[in-house]
Amino acid sequence: MKRKFLTLLLSVCGLTFAAAQTETSAYHPGVTPEGAIYFLPKTAIQVNVLVEKSVYTPGEFAKYAMRYLRLKDVPQESGTTYRVVAVQQAPVGVADTTKAFAVKFNAKTVAANVGLSQDGCLLAINTQPLKPELPKPFKAAPKPKELNPRSFMNEEILAAGSTAKMAELTASEIYDLRENRNLLIKGQADYMPNDGAQMKLMLDRLEQQETALRQLFTGKKVTDTIETVLTIVPEGSMKQVLFRISQKLGLVDSDDLSGEPYYITVEDLKTLPVDDENAKKKKSQVESGIYVNVPGRMRSTITKGDASAISIKEMPAAQFGNVELLSGELFNKRYATHLWVDPASGAVSRLEAEQPK
């Protein structure tokens with residue numbers, strides 16, 4: 001998350017304020033243009049979905065797989081399939097435009113260095129913001145080098161006059177490779193390796209040759225993993241289709257019935273009491289200080305269709321909590337005050353307010 005730091009100095013800007021403390025009020029456009037305007041966040045759920053894509057290409061000798069290698073049900077046609085292999089959840093903050101506040105700076109306050117997120121959410125005062133903890137982006141493993149089966153064919157196979165004859169000779173070569181491997185393992189080969197490293201090298205080479213030639217019968221499957229990031233902003237307890245996946249098409253629209261649905265259910269755990277009308281009225285008054293969230297908690301559950309849950313996570317939820325005021329006295333110049341705000345919930349993560357000696 002990019003951070004934007006807003007620092008206003010009275011000596012540079014030539015601004016003069018009559019108030020002795022930091023003043024914070026509900027934001028109305030144009031009321032306090034000389035100060036910092038910030039939002040508090042609401043908590044969204046970021047879902048990282050890993051989908052494996054498999055592309056199958058039939059082998060040149062696929063129709064002879066049963067005759068020469070006794071391999072049943074070998075596919076004869078190419079095809080692409082998709083499946084979900086992992087789902088991760090994490091809370092992230094998004095600006096709540098209903099919680100907007102403005103801060104005036106003056107000569108008697110130290111709240112003059114305000115760290116904001118890219119979308120204007122309060123992150124820190126007089127210190128460096130915290131980095132949000134998000135799932136690490138998926139990094140695909142390097143793909144193995146593709147084998148060319150023809151580079152492992154002997155002269156007799158390549159000179160065969162028909163596909164059927166080539167398949168027969170290739171199958172014979174595969175059986176020879178297996179026999180040679182078994183003789184090496186038993187220590188009965190004509191040319192035995194001198195040490196373990198050489199033995200491993202020879203066995204690996206035989207395995208590579210057999211794998212390449214077997215692909216002519218069994219076909220080749222190439223897999224790739226695709227990461228998709230979805231963001232849900234719950235406003236209350238809810239259940240909805242998170243995404244759908246088609247075995248043939250991959251991720252499709254949530255209303256596309258060709259895909260199997262994955263649901264997300266969000267529960268407000270009601271860990272905080274609801275503000276009464278008097279408390280809300282009091283908070284609506286202009287007061288001095290910095291507003292922060294006191295988040296509630298929510299439980300997010302992701303299920304595949306009506307089956308059991310595949311991912312459950314409890315996390316703070318700013319929209320299920322309250323807004324509280326940190327007194328402006330904390331930010332008078334007689335204190336060295338540093339405030340860190342959680343990027344996902346808008347709650348106080350850490351507050352240091354030390355009176356200088």
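Q: Is K270 buried or exposed?
A: In this predicted model, K270 counts as exposed, because its relative accessibility is 65%.

Q: And where is the place of K270?
A: K270 sits in the loop between β10 and α6, the latter covering 277-283. Its phi is positive, at about 50°, although K270 is not a glycine.

Q: Which residue other than glycine has a phi near 60°?
A: That is N126, whose phi is likewise a positive value. N126 is placed in the loop between β6 and α3.

Q: Staying with the loop between β6 and α3, where E146 lies, is E146 buried or exposed?
A: E146 is exposed, since its relative accessible area comes to 57%. The loop that holds E146 runs between β6 (122-125) and α3 (155-158).

Q: What separates the C-alpha atoms of E146 and V222?
A: The C-alpha atoms of E146 and V222 are 9.6 Å from each other, while the two residues are 76 residues apart along the chain.

Q: Switching to helices, at what angle do α4 and α5 pack?
A: Helix α4, residues 163-186, packs against helix α5, residues 196-218, at about 160°, and their axes are 10 Å apart. With angles over 145 degrees counted as roughly antiparallel, α4 and α5 are therefore roughly antiparallel to each other.

Q: Is the crossing of α4 and α5 left-handed or right-handed?
A: The crossing of these two helices, α4 and α5, is left-handed.

Q: Which residues in α4 and α5 meet?
A: From α4 the contact includes A167, I174, L177, R178, R181 and L184, and from α5 it includes M199, L203, L206, E210, L213 and F217. Sorted by class, the contact of α4 with α5 is made of 13 nonpolar, three polar and six charged residues.

Q: New topic, the open sheet: in what order do the five strands come?
A: The order is β9-β8-β10-β11-β12, and the pairing is antiparallel. The edge strands are β9, at 250-252, and β12, at 309-327, each of which pairs on one side only. On average, neighbouring strands of this sheet are turned by 30° against each other, with direction ignored.

Q: How do strands of a sheet pair, by the way?
A: In general, strands of a sheet pair through backbone hydrogen bonds, in either a parallel or an antiparallel way.

Q: Back to β9 then, how many residues lie between β8 and β9?
A: There are three residues between β8 and β9, and the two strands form a hairpin. The antiparallel pairing of β8 with β9 runs over three bridges, and S246 has G250 in β9 as its bridge partner.

Q: Over how many bridges do β8 and β10 pair?
A: Strand β8, residues 238-246, and strand β10, residues 260-268, pair in the antiparallel sense over seven bridges. In this pairing, M238 stands opposite V266 in β10.

Q: And over how many bridges do β11 and β12 pair?
A: Strand β11, which spans residues 289-304, pairs with β12 in the antiparallel sense over 14 bridges, and R297 has P316 in β12 as its bridge partner.

Note on methods. Residues numbered from 1 in each chain as written. Predicted model: local features only at pLDDT ≥ 70, side-chain atom pairs only at ≥ 80, totals over all residues. Heavy atoms only, no water. Pairing = 2+ DSSP bridges. Helix = DSSP H or I, 4+ residues; strand = E, 2+ residues; numbered from the N terminus. Axes fitted to C-alpha atoms, helices over the stretch in contact; angles between N-to-C directions. Parallel < 35°, antiparallel > 145°, perpendicular 65-115°, else oblique. Left-handed = near helix turned anticlockwise from the far one by under 90°. Contact = heavy atoms within 4.5 Å. Nonpolar A, V, L, I, M, F, W, Y, C, P; charged D, E, K, R; others polar. Buried < 20%, exposed > 50% of the residue type's maximum accessible area, 1.4 Å probe, protein only.
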